[in-house]
Amino acid sequence: MKEIRVRFAPSPTGYLHIGGARTALFNWYFARQNKGKFVLRIEDTDTERLKEDSVSQILTSMKWLGMDWDEGPEVGGEYGPYYQSQRMELYKKEALRLVQEGKAYYCFCTAEELQAERDQQKKTGKNFRYSGKCSSISLEEAQKRLAQGEKAVIRFRLPRKGEVKVKDLIRKQVSFSLDQLDDFIIMKSNGMPAYNFACVVDDNAMAISHVIRAEEHLSNTPKQVLLYEALGYNLPEFAHLSMILAPDRSKLSKRHGATSVEEFREQGYLASALVNYLTLLGWSPGGDQELVSVEETIQNFELTKVSKNAAIYDTKKLTWMNGQYLTSENIREIVDQTLPFMVERGVITGQQATDDYGEITKIIDAVRERVKTLVEIVDASEYFFKEITSYQEKGVRKYFSKPGVDELLEKGRKALTEVEDFTVEETENAYRRLIDELEIKGGAIIHPTRLALTGRTVSPGLFDIMALLGKERCLKRLNQAIEYIK
């Protein structure tokens, strides 16, 4: 059996989209399960749309998601270079071979001529197909015209009748009628290869065994199959992953929220949760299991079990998953990922992150079960590091406006003053004794005390907060709240 070799070939025109990340993940899973090679190739020949920092952003996002590649940028490999812009000689050589064999030809049609053809066909209600009028120009004449400075593209000479059958590991067999295609361009007049051509030449040169990509490329596949055959290459196996649609089943766009890996990272999502979520967009481990590890996925992943139905993008599900991972992952890992957010938002300084690491860990551990993202951890823990300057309005109306609440808080303050060992257990004991003594419901004093200590109506357990804040700060904040109420 030949070696399994798959590739992810992004175009560096922006950040890594979640659709691209899902494609990369499925290729990576397939390679790792089959002890094969995962190749990263940068398709950077679309010079008009290239963005300067896109390559580094794509690489950073892939690393953050936990994907490594066996060949490609920063790694190298025997099939390099791994940037299409550095492989131009190979494309020119193969394109000229097709021309010399009569399987492709030079086309000198101007943009104006092509537009005239397009307009004429539109009048008859037809979809545009190039007429092929340059296909009869001899190679000798074409070479003379090129020598005189005329610009030309190279078009592939398409068979006029028949159909192309594509075997797909997910969709079984898909047929395409040749009357839906025309003599498509393989080399542009600026010397750059067209996508379909460069893709085929590279996949063959890099010995790619399986092409796993998005459904949007399915329409390119018949052209590529024809090129494989014309060039005498062996066909790889194809698998086209389903589309990812918005909840309303429309095309996914910015209006549906974050759509790039980098955006999710900036919003405080964990890589592990995002990987889990992307994994389930079109594939399932079976049963009702929703939290699945990378190791489990690699062990069980099969292309034939990938759904051909569109996957629905649901950030609510992702956010729920992220909350699950925040609670279950190692606390030190959560702390290390939260600290940069805390420093960036001015909740702590970089020096505090180092000096008070142990104390910060206790605080994050206390608040992480009630939040869904790292950003929410920062917000939920802010009152541990900064003084309270205001109280939630709904809390003031509900708890601070009741008659006698200031006197109740004063009694609570006095009870805490007498606590020697300011632990969760001892502070709770002091409050429980007071509640029994006053013959009141616990909430009557616990809720206003929480608001006094945190400025909020929702927080971790009150006595956990007391122990973390310490006696001095608790007494000070209770005094502040009593003065505010008065």
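Is tyrosine 233 buried or exposed? I looked it up in the model, which is a predicted one: tyrosine 233 has a relative accessible area of 14%, so it is buried, the cut-off being under 20%. Tyrosine 228 is buried too, at 2% relative accessibility.

Next I checked how these two rings sit. The ring centres of tyrosine 228 and tyrosine 233 are 6.2 Å apart and the planes are at 75°, so I log the pair as edge-to-face. Then I took tyrosine 431 and phenylalanine 463: centres 6.0 Å apart, planes at 75°, so that pair is edge-to-face. Tyrosine 431 belongs to helix H18 and phenylalanine 463 to helix H20, so the pair ties together parts 32 residues apart in sequence. Both tyrosine 431 and phenylalanine 463 are buried.

Cores next. I found 56 residues in the largest nonpolar core, with Phe400 and Met466 having the most contacts inside it. Beyond four places in sequence, methionine 466 touches Leu416, Phe422, Thr427, Tyr431, Thr449, Leu453 and Cys474. Another core, apart from that one, has 49 residues, including Leu114 and Leu158.

I also looked at helix H17, residues 405-417. Its buried residues include Val405, Leu408, Leu409 and Arg413. Among the elements covering them I noted helix H16, helix H18 and helix H21.

Last entry, charges over rings. Arginine 118 has its charged end over the ring of phenylalanine 128, 4.3 Å from the centre.

Terms used:
Residues numbered from 1 in each chain as written. Predicted model: local features only at pLDDT ≥ 70, side-chain atom pairs only at ≥ 80, totals over all residues. Heavy atoms only, no water. Core = buried A, V, L, I, M, F, W, Y, C linked by side-chain atoms within 4.5 Å. Buried < 20%, exposed > 50% of the residue type's maximum accessible area, 1.4 Å probe, protein only. Contact = heavy atoms within 4.5 Å. Helix = DSSP H or I, 4+ residues; strand = E, 2+ residues; numbered from the N terminus. Phe/Tyr/Trp six-rings, centres within 6.5 Å; stacked < 30°, edge-to-face > 60°. Lys NZ or Arg CZ within 6 Å of the ring centre and 35° of its normal.
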